[in-house]
Every structure is written in structure tokens, then in C-alpha cells.
Amino acid sequence: MSLRTKIKHLACTKPIISSRFISYLFRHPQSPSPPQQEDPHSLLKEDPIEVLSDLWVKTFSQAESPKPFNNLTGFLSKLDLWVLAYQRTCAHVTGSFPPRNALHSSVLSDLLSLRNAVVHQKFLWNCKTRQFIRSPNDKPITERLSRRQIDAILNSKTPPFQDRVVQEVLLMILEPIFEPLFSSKSHAFRPGRNAHSVIRTIRSNFAGYLWFLRGDISEILDNVDVNVVMSCVEKTVKDKKVFKLIKSGLKGAENNGFSEMEEGRKMDKRKRKKGQTKKRLLNENEPKPDPYWLRTFFSFAPEEAAKVPEYGYCGILSPLLTNVCLNELDQMMEEKIVEFFRPSEHDSIWKYSINDGCHNPSWPEFVPTSGKEKTRKMDYIRFGGYFLIGIRGPREDAVRVRKEIIDFCENAFGILLDNSKIEIEHITRGIQFLDHIICRRVIYPTLRYTGTGGKIVSEKGVGTLLSVTANLHQCIRQFRRLEFVKGDRDPEPLPCTPMLYSGQAHTNSQMNKFLETMADWYRYADNRRKIVGFCAYVIRSSVAKLYAARYRLKSRAKVYKIAKRDLSRPLIESSNNSAPEYSDLLRMGLVDVIEGIQFSHMSSIPPCDYTPFPRNWVPDHERVLREYVKLQDPKFFYELHKAVKREGLPLPQDEISEIVWDYKILGKHSFQIIGDKKKNDASLS
């Protein structure tokens, strides 16, 4: 046989790897890089919080003229960041944040091996046979694994612990790089911004618009082209190692050496025995599952907030990559907003500037409808894969904007949208966004002012009030899906069966936490009292029916008679005279306090929060960063020093006293003339 034939024959044969060798890999993971002789304690030199803070300050100082980052490998090489990423991952997995000085030397050595593998480009995503570091909840593998156990590990959907650590490191490095570049119009998957900031922005900035476009581009959250994401990332991140690491995570573990073996092996499908499963005992360091009230509230998530992207093996890095892609759409819409704006001096709002308007901070937006001509204006806001556009103008403008968005999404993201994905609705019909309905109410306020001759004139005015109300029908549908109510027109509460085996104190406590969270979610809805009162009625009736079935009281009326309206009294009192009653047990601390279910009366429900919301609002951390960057700029202090030397530094009390004295001595008319002369002199100079 010739040499060429032998090589060809060897290339066609499949690798045969025994289960004993795989078991050996799990017990002794083979590091793809040579063993390092470095001491991990000697590499811990910096504070990771200070390193990241300096990165945030640097990126925000370059926000006006952003530059691409060519070298991020230096951050990947810092073991301090890997230790912080390990601490955050342990907090997510175990529920406790381990202190830095309590980490074992073996953990630091494993983190050093993982860092070296990432820096030397030898790290493989979702590699379950070559794990550099394992979760603290995983039991150490000391014995030989069976073939069934190996199959279960290789085919499990749970990603390795080390993947989450790498994702945390990438997120800590990339988030401060992209945050200053993002538009202020996007509010999802970003620090300091949430659904409440969207609702408050709509209430503050979207008054006066007639046509609304509600767009759905959530398809990009489910599936996206890798080349599209990497082309957006490449504009800012030029580091080849970080770029390849993200790209390999998006594509998946295609280069995994055991992929052929996993695909070729067939899993034995054994039928599980039907019946009730045993309760699973938690490990020593395993966190408890989410309580019932929290799982129930998560089920109330609106459509816009229900989807969280997850691309390949990127995990927690996926939301950031989604915002990087959709930032192209945000920038395009900001340019369209400036181009669309056409002011009119005859309009009552937005006469000259795009940011001015009739804004009364003590009440929701009040926009008068008087005026011969209306200003043409547009605004835009996005939450995840959904956006809302308000247009003040004819419907033809809304149709044209919709066509431009469809063309842009097709060219930039490769997403084919139809008209049903971007609906055009009038304000009078009501627009649903984040389980709130945006509508307009026409009001006729009485305007009182002093006319000529000192007469007080009272006239009826006409205006429109922007109303943001919670969607009651959507709330009923959510309750019906969770089996709290049945029926459509007259929903009837059902017993809360998941809390069947819980005590009265625990059940009431869980329901109170759920109602408090619901009241906070509908904090900025105009009908907050109505919607929270309905939720309290459903929960209270559901719990009362549960107590009626548990204690055999037959009806809710008997439960309310014994336990009161808020179900705060104990439903079981001992009939045996020798046994202590509930009050005695409570005084001795042997039973829990039974909290009454909140919001049993409408007066106890807090009203809508109409706190003023600035038009150009930014989160607190961004405001602090921008102020800090401004104070670090020497030009700012130079201009400030120059202004103080030129104009002096008078006290505010001196200025006020001088104004009051001139007003009293010279009189109102003379004081106005002097002020006009000063203005003219200043304009001439």
C-alpha cells in the first residue's frame, strides 16, 4: 500500500474514543495550554472596581468623538477581573457573593488556567469535557463515570459554569464601551433604564401626537445573522481576540473535538415511570427556588418584556449584542426626527425649538388644541424588540415613515417586515404598549385671568390630556391564564391551589408581596387604584376560597366572618381548654404573625405617581459620570476662572437685595428702561 493510500485511509476513519478515556477527562481535565508556573496571588495587584470605573470614565469622556478600541486583551489578561466575574457567577448560581479573601488557592489557579486559555485562543464554548473551573455546587468527580452518566453530561442543556464566567468578563468589559454610544431612546437591557422610564417618557414627551406607529421587530431577538451582529460590533471593537471569542460564541461549538462523537452516539430513550415524582432535596450551597409570588409576577410580564434574547453560547452577553444591532435603527430614527421637525409660530406648542413645548410638571401633559397651523413633529422610543413612534401631522407621513423603517430593517438586519408588524393607529383608538393604553381625553378647563381694567375674566378652554392607563382586559387575561379567575365578562375567582399546603401566615405574606409588586408595576397608571383594587379583590377572594376548602367553611362569607375582610385573624382556634390559644402562642413566639392582605379598602391603595419627569432625562449613573468627566476637563476650570476674574463672584443675597432696592427707588417703569438699556449696550458690545 502506498503512502498516499495510507494517509487517505487514515483520514476517512472516525476516531474511536472509549468511555474510560472520557471519564478520565472529567476527573483530570486536559488543559490545552502548558501548565503555568505563575503564582495567582502575585497577579492580584489591582482593584477590579477601580479598573472598571476608569474604563467607564474613559468611554464617557470620548462619547462626543468615539474611537474604536484596538486593544482589549489587556483587560482580558487582568486576573482581578476574572476573580470578580467568578464572584458574580457564584452569586447567580449559589445565591451568595463569596468574599475575595475567602477564595481557595485552587480556585485562583483554575481561574488563571481559564484566563490563559481565553487569551491564547484555546477556549471552546460549551466544552463539557475540558472544564477549567467547576461550579461550587458540582460534586467532585473521584470515581469512574458510567456511560449513561457521561451521556447525561454531554447531552445536558445546562451550559458549563466556565462559560458563564467568560460571559461575565466580556460583559464587564464591553458594556462601558457601548453604553455611551447607545441612543437615549432605547430603554431595555440597559442599566438605569426599565419599563417605568418608558412609561414616564411617554407621559412627558408624547402629548400632542395624533398618529402612532407600534412596531414589532422581535424577530431579531429570536434569530439574527452572525455577520450582522459582528459587523455592528466591529465598528467599535477592533481587538481580534475579543472579536473571535464573541464570533465563536455566536456560531456555537462547531470546533468541538467531541461533536462528531456526540452526534454519532444514539441515546437510549427509556420511558420514565408515570406517577408522582419525589421532592428533590437541595444541596448544601444550592439556592432556594424563586418564591411563589415572584414566579406569579414574572408570569404577568407584558409582551414587550417577555422575550430575552440568547444567541448561541453568548448567554448574558446576548441582550448587549441586541442593543448593539438595534442601535443602528435608533440612530436612523434620531436623524429622521430632526429632518421631520417643521415648526410653526402659529402653533401653541413647539414654536421654535424641537425641545420646547407646553409642559406642566405638576400634572400630566396638557396640550391646547387652539391655533391655525400645527407644528409637524415626531418622537420615537424603543423597548427591546418593540418601538413606538408618535407623529404630529397627516397620516401620509406615518405611511412614509413605516415604509422607510421596513426598507431599513430589510437592508440592515435582513428582516422582512409587513404592514401588520408596524401598525398605524390614531390616538382616539388607544395604543397598547407595555400593558398600558395611551389615549387622549378632551377636557374643558375654566381659565381665569385678569383683563383690562382689573376685571377677572373666566372662560371655558379646550384642551387634550394625555392619559396612560393600565389595560384591565389584559390583566384579566393574565389572571385567567394563571387559573386565578374564570369567565370573560364577569370573572369569577378560583381557589389558589398552589398554596394549599401552606399556613395562613405564609399564604398571606406571599400574597402581600405579590400585591405590593403589582402596585409598584402600575405606579404610573392613571387608573392605578382601580387596577390594583381589582387585583386585590381577585387575590383576596382566591385565598378566601382556598381557606374555605381547607377549613371546611363552605363559603367565602364564613371565612370573612371569622378572619375579617383582610383575613388577618386565625381561622383555627383550639377547642381544647388545656391547649394554648393563638394569642398565647404568638406572645411566646411559637407561631408567625398573620399579616392582613393589603389593599382591602380602596382608600389604602396609593394614587398614581405624577412626579415630574424631565424631557432630557438620563439615569443617575450617567449624570454622575458626565459631571465627573466635566470636572476632569482643564478647559472647564479655565473658562470658569476666566469668568470669575471678568465678572467677579457676587453672593446671591447681594444680587437679590440690589434688585429689590433698585425696584423700590427707581420704580417699575424706570427699572424696566434701565434693564432695556443694559441689554442694548450688551448687544452692541
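Analyst: Thr450 has Ile456, in strand S9, as its bridge partner. That link belongs to a pairing between strand S8 (residues 446–450) and strand S9 (residues 456–460), which run antiparallel and are joined over five bridges. Together S8 and S9 make a hairpin, with five residues between them. In the turn sits Gly453, whose phi is positive at about 85 degrees. Keep in mind that this is a predicted model.

Among the buried ones are Leu79, Leu81, Trp82, Val83 and Leu84, along with Asp80, Gln87 and Cys90. What do they pack against? The buried residues of H6 meet helix H3 (40–43), helix H4 (48–61), helix H5 (73–76), helix H7 (105–119) and helix H9 (161–178).

Now for the charged side chains. Opposite charges on side chains can pair when the charged atoms come close. Across the whole structure, a search finds 26 salt bridges. One of them joins the side chains of Asp379 and Lys185, at 3.1 Å from N to O. This pair ties together distant parts of the chain, 194 residues apart: Asp379 is in strand S3 (residues 377–383), while Lys185 is in the loop between H9 and helix H10 (195–205). Asp379 has 7% relative accessibility, so it counts as buried.

Arg400 and Asp397 form a salt bridge whose closest N and O atoms are 3.7 Å apart. Because they are three residues apart in H18 (residues 395–412), about one helical turn separates them. Are the two partners buried or exposed? Arg400 is partly exposed, because its relative accessibility is 39%, whereas Asp397 is buried, because its relative accessibility is 7%.

Lys403 is exposed, with a relative accessible area of 55%, and Asp407 is partly exposed at 31%. Salt bridges can also share partners, and in that way Glu179, Arg190, Arg193, Glu622 and Arg626 are joined into one network.

One last stop is Asp609. Where is Asp609 found? It lies in the loop between helix H23 (582–588) and helix H24 (620–632). Its relative accessibility is 14%, so Asp609 counts as buried. Leaving out residues up to four places away in sequence, Asp609 touches Arg523 and Tyr524. With Arg523 there is also a polar contact between the two side chains, at 3.1 Å. The side chain of Asp609 makes a polar contact with the side chain of Thr611 too, this one at 2.4 Å.

Definitions and conventions: Residues numbered from 1 in each chain as written. Predicted model: local features only at pLDDT ≥ 70, side-chain atom pairs only at ≥ 80, totals over all residues. Heavy atoms only, no water. Buried < 20%, exposed > 50% of the residue type's maximum accessible area, 1.4 Å probe, protein only. Helix = DSSP H or I, 4+ residues; strand = E, 2+ residues; numbered from the N terminus. Contact = heavy atoms within 4.5 Å. Salt bridge = Lys/Arg side-chain N within 4 Å of Asp/Glu carboxyl O. Polar contact = N/O pair within 3.5 Å; in protein donor to acceptor, adjacent residues only side chain to side chain. Pairing = 2+ DSSP bridges.
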